[in-house]
Amino acid sequence: MNFLEELNKRKTFGIISHPDAGKTTLTEKLLLFGGAIQTAGAVKSNKIKKSATSDFMEIERQRGISVATSVMAFEYRGLKINILDTPGHQDFAEDTYRTLTAVDSVIVVIDVAKGVETQTEKLVSVCRMRNTPIIVFINKLDREGKDAFDLLDEVEAKLGLKVCPLSWPVGMGQRFQGVYSRYEKKLVLFRPHGKQEEDKIEITDLNDPILEKYVGERPAQELREEVNIIEEVYPIFNREDYLDGKISPVFFGSAVNNFGVRELLDCFVDIAPAPLPRITEERLVKPEEDKFAGFVFKIHANMDPNHRDRIAFLRVCSGVFQRNTNYLHVRQGKTMRFSNPTSFMAEKKTVIDEAFPGDVVGLYDSGNFKIGDSVTEGEKLHFKGIPSFSPEQFRYVNNTNPLKTKQFNKGLEQLMDEGVAQLFTRESNGRKIVGTVGALQFDVIQYRLEHEYGAACDYEPVNLYKACWVSCDDDKALKEFKERRKRDLSYDKHGNLVFLAESAWTLQMAQENHPKVEFHFTSEF
Ligand code: G4P
């Protein structure tokens, strides 16, 4: 197979959802279809159990297991499909945001009873920043839930997506009989835990009385009426609009019953994009270019102090990545070669000789990589679109063992490079503030500083609401802002100016008083 064929057979995507909506179950069913796993339950190890939420060591242990499932690849209909796993635990949301920089499309899973939940809103807003194509899967139709039209309204209102239902449920919960696939013009009948293959009935015209035979008179009539409404209200599906992130197809099903999953997968395979170009500060990098280029979007550290190696996950963006070849680590300006790059096939980890655009390679790393680093054949490229997001929790961090200052600084720097949290240095007093998405990260930092670097720290509360990156084209206005808001200023680890707002009100006042200054909630703007 030549390079372009390899490239075009790849589809790299992520599944996102609020915890418990069914992401793990759906992932597992997709892998079963692809033959990548043989048994149900194989992906479950990746899930952080609810009972463990207060015990971060247990969570880290389970996250360790999840290295193996960071990327799950399987073959389906002649394609190679890469699912990049996103941690469900919301304290690791920043990990998920970053993983979304490495996918070309996403599937959003929504629980039919719970509707659109907070975590889904946040994750979809990150996808929308880049116009990532989105397919919606409404799950758990075997249970009573919200009315399908209401749910679509909710998806449009809360997620800001324009939807186009490509399947439609017949009943729900106890009365759930199946879905009508508008995409395939087939009625798929629901048989809990059964094989759906035999229960697909081709119905090109919904007025065909055969519909009554399968679902009964009333449900048949309801389905016809509802599909009529859909046709009047929602736009006609158009792949270009989906690829531009302007319209999202919606499917209904029940992941645990493996129902509606094949329809979702078949449509995904038809419409989802092959590896897309990536923007760098210098130029657009197209996947079909023959020179290799990629970027690191995730670093997974080994918690074992005896093996302080880490795995840096690199997304191949163009050309062919090859084992034992000299590449440029752009930030450090040094040449590196990788003797055992690893690929992941669900449960299996294998050393690979080459990887193509869309693939993710695991590189063993002893501390050279930071999130966002580029690796190329020599060109100095800096990939964009891997921003830091404004954290939600803040604390002062203190070094409590002055004899270990060096270790403390190094440890903190490396943990920040890994993306565990963000560090801000306050201008007025030089103190260090750790900002995180979840409270758990504070424990993780403290534990890892002690066990991996031999340093000690403690925290002090600091009353902060948001950290905003600041920019201003007008030098005079910026100078005035800096003078007037001196005590609220800090710098991130790259030296960018960050405004620390104590409350929503302080932020609003700063915005009103300094109209020429722009406040950003991500580090890239
Ligand atoms: P997550 O990764 O999004 O957090 O969710 P996960 O797949 O683990 O699913 C959360 C719970 O929802 C699981 O039950 C799972 O079995 C259930 N579930 C998934 N899909 C469906 C569905 O289509 N219908 C119904 N009724 N339930 C579904 P659990 O009791 O928390 O775990 P388990 O003991 O079943 O593994």
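## Contacts between the ligand and the backbone

In this predicted model, a polar backbone atom of A255 lies 3.1 Å from an oxygen atom of the ligand, a polar contact being a pair of N or O atoms within 3.5 Å. A backbone N or O atom of G22 is 2.9 Å from a ligand oxygen atom, and for a polar backbone atom of V256 the distance to an oxygen atom of the ligand is 3.4 Å. Taken alone, the ligand exposes 700 Å², of which the protein buries 73%; such areas come from the Shrake-Rupley method with a 1.4 Å probe.

## The shell around the ligand

The ligand is surrounded by 19 residues, the closest being D20, K23, T24, T25 and S254, where a residue counts as near if one of its heavy atoms lies within 4 Å. Helix α2 (residues 23–34) gives the largest share of this shell, three residues, a helix being a DSSP run (H or I) of at least four residues, numbered from the N terminus. By class, the shell has four nonpolar, seven polar and eight charged residues, with Asp, Glu, Lys and Arg counted as charged, Ala, Val, Leu, Ile, Met, Phe, Trp, Tyr, Cys and Pro as nonpolar, and the others, Gly among them, as polar.

## How the model was read

Residues are numbered from 1 along each chain as its sequence is written, and side-chain values use heavy atoms, with hydrogens and water left out. Local features need pLDDT of at least 70 and side-chain atom pairs count only at pLDDT 80 or more, whereas totals for chains, interfaces and linings use all residues.

Conventions:
A polar contact is a pair of N or O atoms within 3.5 Å; within protein, one must be able to donate a hydrogen and the other to accept it, and residues adjacent in sequence count only if both atoms are side-chain atoms. Helices (H or I, at least four residues) and strands (E, at least two) are DSSP runs, numbered from the N terminus.
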